[in-house]
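Morning, everyone. Please have the sequence and the 3D view open while I talk.

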Amino acid sequence: MRVAVVGATGAVGTRMLQLLREREFPAHEIVPFATERSAGRQLGELTVRALTPEADIEGFDIALFSAGASTSRKWAPRFVDHGATVIDNSSAFRRDPDVPLVVAEVNPHALRGHHGLIANPNCSTMQMIVALAPIHRAAGIERLVVATYQSVSGTGQKAIEELETQAHASLHGIEIPAPEVYPEQIAFNVIGAAGSFEDGDDHTDEERKMIFETRKILEDESIGVAVTCVRVPVRISHSEAVNVQTREPLSVEQARELLSRAPGVVLEDVPTPLRAVGRDEVFVGRLRRDESHPRALSMWIVSDNLRKGAATNAVQIAELLAGSRRAAEVA
Ligand SMILES: NC(=O)c1ccc[n+]([C@@H]2O[C@H](COP(=O)([O-])OP(=O)(O)OC[C@H]3O[C@@H](n4cnc5c(N)ncnc54)[C@H](OP(=O)(O)O)[C@@H]3O)[C@@H](O)[C@H]2O)c1
């Protein structure tokens, strides 16, 4: 297979290249694309090509896109027209009813009959759904109340640099430069609205993604989702406090049993973002009864947003399409 990675120099793209190698994806050629700024840059043995109108995009079987929604809108259909199946990490096509939105362990069946474009869910939704799908199948989810604690890498490479620069300045008594990525300083702070507010909406786009994508992936428009997305000064891994109200009664023991058998889930007492870095699993802890409701449980879900929240799932989808050995393990 010939694989293109668009956005290969970014926070997610670099993980995609790493995962294709680690998981021995059956590719005979991998071509990294980024902007003209990065053209010629070496990523290991691979040389970055500029994605310009002159770029040769012929002959790819799979294209993994992670370069923002506007790049996807412009370039993904062109790759499809040239014969590739595109797995897109951006929000560009997730709401399109003709584009499957796939979590590898949860709804691989949605890949059937795709039209060349497949969307990878938003990172916060992804990790939550890996943990909640077994509960939904067993007892039906009526309502979710969620607060996210999202790391800065979810915003990309520039945001990691902003956190590090601000933290360094603050610890060394240097004047802290004005924030560029976030509306306020993120070092030693918490921003209670992750994402942006669009068209006078009182929910951020991140919150809207979690509401919409949860229902699309679980194929149930009736699920209630109340969510607050929060940005915290953590480099990598998102955490989420999740309250799940089920339709049928489900005990803590039953939920524990379901989660212990769920693919991609690891049960721990109190997972932390630091321990999740570099791992592909979703870590679930603090599983307990919500004493305020007869059919509600609370839990704490943590995962590496750059891996399972983005790159790992994209590569797992590629494996499902390629029918590789790893795909058989997921299924
Ligand atoms: N970070 C996460 O946790 C996460 C999770 C899920 C989905 N996503 C999505 O994945 C995408 C990338 O996120 P990221 O965090 O990796 O961002 P990032 O670190 O800012 O990287 C962006 C990448 O896109 C490239 N790029 C930008 N404009 C381009 C263009 N016009 N043509 C070709 N390449 C272009 C950049 O190349 P240069 O280096 O040359 O500028 C870079 O390789 C976004 O759509 C994001 O929403 C991110």
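First, the ground rules. This is a predicted model, in which local features need pLDDT of at least 70, side-chain atom pairs count only at pLDDT 80 or more, and totals for chains, interfaces and linings use all residues. Residues are numbered from 1 along each chain as its sequence is written, and side-chain values use heavy atoms, with hydrogens and water left out.

Let's start with helix α5, residues 205-218. A word on names: helices (H or I, at least four residues) and strands (E, at least two) are DSSP runs, numbered from the N terminus. How far apart are the end C-alpha atoms of α5? They are 20 Å apart, which agrees with the 20 Å that its 14 residues should span at 1.5 Å a residue. The expected span is 1.5 Å times one less than the number of residues.

Is α5 mostly covered or mostly open? Mostly covered: eleven of its 14 residues are buried. Here buried means under 20% relative accessible area, exposed means over 50%, and partly exposed is in between, with a 1.4 Å probe and protein chains only. Among the buried residues of α5 are Met210, Ile211, Ile217 and Leu218. What covers them? The cover includes α3 (123-139), β9 (141-149), β10 (224-228) and β11 (238-246).

Now step just past the end of α5. Glu219 sits in the loop between α5 and β10. Its phi is near 55°, a positive value in a residue other than glycine. Most residues other than glycine have a negative phi. Glu219 counts as exposed because its relative accessible area is 56%.

Asp199 is another case. Asp199 has a positive phi of about 50° and is not a glycine. Asp199 lies in the loop between α4 and α5. At 83% relative accessibility, Asp199 is exposed.

Next, helix α1, residues 11-22. Its twelve residues reach 17 Å from first C-alpha to last, close to the 16 Å expected. Buried residues in α1 include Val12, Met16, Leu17 and Leu20. Just after α1, Glu24 takes a positive phi of about 50°.

A pocket is found on a 1 Å grid over the protein atoms alone: it is an open set of points where a 1.4 Å probe fits, with protein on both sides within 12 Å along at least five of seven lines, and lining residues have an atom within 4 Å of a point. Sixteen residues line the pocket; Ser91, Arg95, Glu198, Asp205 and Lys209 lie nearest its centre. Which element gives the largest share of the lining? It is α5, with five residues. By class, the lining has three nonpolar, four polar and nine charged residues.

Now the nonpolar cores. A core is a set of buried Ala, Val, Leu, Ile, Met, Phe, Trp, Tyr and Cys residues joined through side-chain atoms within 4.5 Å. The largest has 59 residues, and Phe33, Phe79, Leu132, Leu144, Val242 and Met299 are those with the most contacts inside it. Its largest share, nine residues, comes from α3. Apart from it lies another core of 28 residues, including Ala8, Leu20, Leu46 and Ile236. Take Val242. Contact means heavy atoms within 4.5 Å. Not counting residues up to four places away in sequence, Val242 touches Leu132, Leu144 and Met299, among others.

Val152 is in the loop between β9 and α4 (157-171). Val152 is buried, at 0% relative accessible area. Val152 and Ile236 are 84 residues apart along the chain, yet their C-alpha atoms are separated by 6.8 Å.

Thr52 is in the loop between β5 (49-50) and β6 (62-65). Thr52 is buried at 11%. Beyond neighbours within four places in sequence, Thr52 is in contact with Glu36 and Trp75.

Last, Cys123, in helix α3. Cys123 counts as buried, at 14% relative accessibility. Leaving aside neighbours within four places in sequence, Cys123 is in contact with His238, Asn305 and Gly309.

Terms used: Nonpolar A, V, L, I, M, F, W, Y, C, P; charged D, E, K, R; others polar.
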